[in-house]
Amino acid sequence: MSDLRHTGNHLVVLVNLQMGGYEIASRDFVAKDLSVNLEGRSFMITGANSGIGKATAMAIAKKGGTVHMVCRNKDKADSAREDIVKESGNTDIHVHILDLSESRKVWEFAEDFKSKHTSLNVLINNAGSMVKKREVNSEGLEKNFAINALGVYILTKSLIPLLEKSKEPRVITVSSGGMLVQKLRIADLQTEKRSFDSTMVYAQNKRQQVVMTEEWARAHPRIHFSAMHPGWADTPAVSMALPQLYETLRSRLRTPEQGADTVIWLAISPAAARTSSGKFFQDRKVVPVHLPLAWTRYSREKSWALVVRMEALVKKLQPSGGRSQLNSPMVELTGSPEDCVKKPL
Ligand SMILES: NC(=O)c1ccc[n+]([C@@H]2O[C@H](COP(=O)([O-])OP(=O)(O)OC[C@H]3O[C@@H](n4cnc5c(N)ncnc54)[C@H](OP(=O)(O)O)[C@@H]3O)[C@@H](O)[C@H]2O)c1
């Protein structure tokens with residue numbers, strides 16, 4: 001059996017182990033954690049037109065928050081906005097069109113957003129994708145990596161100055177329990193050397209999101225960062241990317257609203273803000289980022305190296321004369337982790 005098939009089997013076993021559990025887990029939930037009036041607070045949610053992102057946007061809209069829906073498809077985004085406005089009665093819902101696979105555009109979008117808004121309380125990196133074959137974006141970057149990892153990195157880093165000047169800032173990244181089968185790999189971020197297995201590429205990106213969350217938490221103590229696993233929920237992402245798994249497990253999948261519960265809890269509850277920054281959550285609880293006895297553990301140097309590589313890629317994407325234009329955080333590519341976060345070029 002090849003390594004990849006072996007890892008793929010682990011993923012199926014893992015998904016089975018992680019199935020269900022919402023009803024049991026929710027018995028411990030404290031209902032008043034989500035009794036928060038969000039008027040005057042703004043939330044950016046990527047992929048807010050569908051599944052977990054839409055359920056999150058709906059819940060926040062119902063509580064009076066301002067919602068910035070960042071979506072790639074205008075028709076889908078407008079139609080989701082219409083649903084949200086109709087059901088919540090909240091008209092402070094804004095659509096922004098952005099394809100997260102286009103890395104430079106992500107950067108430009110974030111810079112433009114900063115120039116037009118004085119506050120952003122919460123960023124929810126929810127959009128995610130599994131592109132089945134190896135494809136590259138207009139900058140030559142492998143698309144799964146561009147959407148799930150680099151796009152998340154650029155959006156978050158670029159918005160950090162705005163988040164830092166806002167009240168109780170938080171960043172939530174919707175990762176996946178599937179990342180537990182992947183060790184952080186930084187040598188081949190764009191799957192140029194290994195054979196291409198989209199499920200494993202996706203799981204690797206989700207591992208990278210968890211590592212980035214840990215690094216951001218160390219670097220930016222004024223912001224509360226978290227990553228999370230939504231449980232396995234019935235959304236287009238699962239039915240399209242993993243059709244066999246979907247058919248097998250369909251009756252046991254969570255609703256998108258159940259999948260969104262921990263995202264919402266992390267985004268709005270005072271209880272979540274009291275947890276340590278940089279952790280990985282499922283069902284409103286911190287859960288380990290490695291399986292017991294796992295081979296997936298990584299050193300601080302390795303997680304730091306991921307940030308350095310991300311920054312190297314970001315630097316290449318910088319339009320000419322762009323630093324002042326885009327005002328993006330940059331780092332020295334040599335030196336310690338502390339140098340990276342404290343010494344902008
Ligand atoms: N559902 C689960 O069981 C499960 C489990 C683990 C993790 N997750 C994670 O949960 C998150 C939400 O997924 P979901 O399950 O709610 O699926 P979904 O309903 O398919 O939502 C995915 C969202 O991401 C958007 N998106 C994908 N590629 C994009 C791009 N290049 N630029 C901008 N937006 C893009 C999609 O836009 P379009 O509608 O235009 O395609 C959609 O709005 C994802 O990060 C996923 O990896 C889900």
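In what order do the eight strands of the open sheet run?

**View 1**
The order is S3-S2-S1-S4-S5-S6-S7-S8, and the pairing is mixed. Strand S3 (93–97) and strand S8 (285–286) stand at the edges with a single partner strand each, so one side of each has no neighbour in the sheet. Two strands count as paired if DSSP finds at least two bridges between them. Helices (H or I, at least four residues) and strands (E, at least two) are DSSP runs numbered from the N terminus. The protein has 14 helices and eight strands. Please keep in mind that this is a predicted model: local features need pLDDT of at least 70, side-chain atom pairs count only at pLDDT 80 or more, and totals for chains, interfaces and linings use all residues. Residues are numbered from 1 along each chain as its sequence is written.

Look here at strand S1 (residues 42–46), where five of five residues are buried. A residue is buried if 20 or more other C-beta atoms lie within 10 Å of its own, exposed if 12 or fewer, and partly exposed in between, with C-beta atoms placed from the backbone. In a regular strand the side chains alternate between the two faces of the sheet. Ser42, Met44 and Thr46 point one way from S1, while Phe43 and Ile45 point the other way. S1 pairs with strand S2 (residues 66–71) in the parallel sense over five bridges, and Thr46 stands opposite Val70 in S2.

**View 1. Strands S6 and S7.**
Strand S6 (residues 224–228) runs parallel to its partner, strand S7 (residues 279–282), and three bridges link the pair.

**View 2. Two buried residues in one loop.**
Ser175 is found in the loop between S5 and H7, and Leu180 lies in the loop between strand S5 (170–174) and helix H7 (198–219). Why does Ser175 count as buried? Ser175 is buried because 30 other C-beta atoms lie within 10 Å. Leu180 also counts as buried, with 24 C-beta neighbours inside 10 Å. Beyond its neighbours within four places in sequence, Ser175 is in contact with residues including Lys206, Gln209, Ala227 and His229; contact means C-beta atoms, placed from the backbone, within 7 Å. The C-alpha atoms of Ser175 and Arg207, 32 residues apart along the chain, are separated by 7.6 Å. Leu180 and His290 are 110 residues apart in sequence, yet 5.8 Å apart in space, C-alpha to C-alpha.

**View 3. Helix H10 and its kink.**
Helix H10 (residues 256–268) has 13 residues, which should span 18 Å at 1.5 Å a residue; its end C-alpha atoms are 18 Å apart, so the two agree. The expected span is 1.5 Å times one less than the number of residues. A kink of about 30 degrees is centred on Thr262, the bend being the angle between axes fitted to the seven residues ending there and the seven starting there. In H10, 12 of the 13 residues are buried, among them Trp265 and Leu266.

**View 4. Around the ligand.**
Of the 29 residues around the ligand, Gly47, Gly51, Gly128, Thr235 and Ala237 come nearest; a residue is near if its C-beta atom, placed from the backbone, lies within 6 Å. Helix H3 (51–62) and helix H8 (236–241) each supply at least two residues of the shell.

How values were computed: Contact = placed C-beta atoms within 7 Å.
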